[in-house]
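Hi,

Here is the structure I promised to send over. Have a look at it first, and then read on for what turned up.

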Amino acid sequence: MSKPKVFVTRPDVPIEGINLLKEKCEVEIYDQEKPIERDALLKGIKGKDALFCLLTDRIDDEVIRAAGPQLKAIATMSVGYEHIEIKTCKELNIPVSNTPDVSTDSVAEMTVALLLAAGRRLIDASKAIKNGDWVYSWSPLWLCGQGLTNATVGIVGMGRIGQGVMKRILPFGVSKVLYFDVFHPIKPAEDMGAQYVEFEELVKQSDFIVAMCNLSEQTRNLFNKKAFDLMKPTTVFVNTSRGGVVNQEDLYDALKNKKIRAAGLDVMDPEPLPKDHPLTNLENIILTPHVGSAEVSVRVQMASLAAQNILAVLDGKPMITPVPLG
């Protein structure tokens, strides 16, 4: 009996996931360490029983149908799955999985790192030495920023990662944690002391604001001119969720005109962000290239989970972490 065939869209995913697939499947892997080209994707998926893909791959109706009727599973090595045409998968009864929860701790840690780095001006401080600006041994107000102690922190989107952020900032002695979420009350967060408020109240009161929400029609451009105008001039804004929840032109204006103190972004729109994008010219923003889950151990777990989801379906079992098909 022939082995089921799996197509993997990149060669540089952790080998642990690939090896799991190779134990029971015939695995074909795209040979270039970059997002797969359209023609190669359409050719590679043809005749395959399962697809192992990434967030950078556009798995639309054409791609799914190009596989053929034997396609049984699509597993993405990511938390987000907006790159996959769920409507077609539902129509063809093809289960889809993602890799939730695995990166919760790493993204929460990265979020806190950005809060501290942007608030305390760590990049500015580092550049000051390299640029020869450290003239006096100490100055009373030079490079002064804002820390978390006694601060009000607002978290927009109190899911697992939002709760992970909250757990990590409480030991810093924050004054209070506010949250806004379309699903509320969220008991685990409120048990830790979080207070639910409406979105406008959160942005008005908070010293630090964390965007931790999913991207949807309701959240697209949620952080816009109106929201930034409501913030304090000392507010530090951090986004580690999805770039589309922020209107970047409005953020640029808010930072340039000192309507808010600083920002830290690990996600942007588009990605990759062009090096000459207006945001890159600002001194009061930290930009990192979508590395929230960039820990080796986390990526290994993500690859292994994606592989296990495929193997489960090929073995006639339900996926471990299926995404809702609606």
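This is a predicted model: local features need pLDDT of at least 70, side-chain atom pairs count only at pLDDT 80 or more; totals for chains, interfaces and linings use all residues.

The largest nonpolar core here has 29 residues, and Phe223, Phe228, Phe237 and Leu251 have the most contacts inside it. By nonpolar core I mean a set of buried Ala, Val, Leu, Ile, Met, Phe, Trp, Tyr and Cys residues joined through side-chain atoms within 4.5 Å; buried is under 20% relative accessible area, with a 1.4 Å probe and protein chains only. At least two residues of this core come from each of strand 7 (176-180), helix 9 (199-205), strand 9, helix 10 (225-230), helix 11 and strand 11. Helices (H or I, at least four residues) and strands (E, at least two) are DSSP runs numbered from the N terminus. Another core, of 28 residues, lies apart from that one and includes Val165, Val174, Val177 and Val236.

Residues are numbered from 1 along each chain as its sequence is written, and side-chain values use heavy atoms, with hydrogens and water left out.

Back to Leu251: leaving aside neighbours within four places in sequence, it is in contact (heavy atoms within 4.5 Å) with Phe228, Phe237, Val246, Ile260, Ala263, Leu265, Leu279 and Ile285.

Seven strands form an open, parallel sheet in the order 8-7-6-9-10-11-12, where two strands pair if DSSP finds at least two bridges between them. Strand 8 (195-196) and strand 12 (285-287) are the edges, each pairing on one side only. Four bridges join strand 9 (residues 208-211) to strand 10 (residues 236-239), with Phe208 partnered by Val236. Strand 10 also has four bridges to strand 11, where Val238 stands opposite Gly264. Strand 11 and strand 12 share three bridges, and Ala263 has Ile285 as its bridge partner.

Strand 11 is worth a look on screen: Ala262 and Gly264 point one way, Ala263 and Leu265 the other, and all are buried. Helix 11 (residues 248-256) lies across strand 10, strand 11 and strand 12, and strand 10, helix 11 and strand 11 make a β-α-β unit that is right-handed (strands pointing away from the viewer, the path from the first strand over the helix to the second runs clockwise).

Cheers

Note on methods
Axes are lines fitted to C-alpha atoms, for helices over the stretch in contact, and angles run from 0 to 180 degrees between N-to-C directions. Buried means under 20% relative accessible area, exposed over 50%, partly exposed in between (1.4 Å probe, protein chains only).
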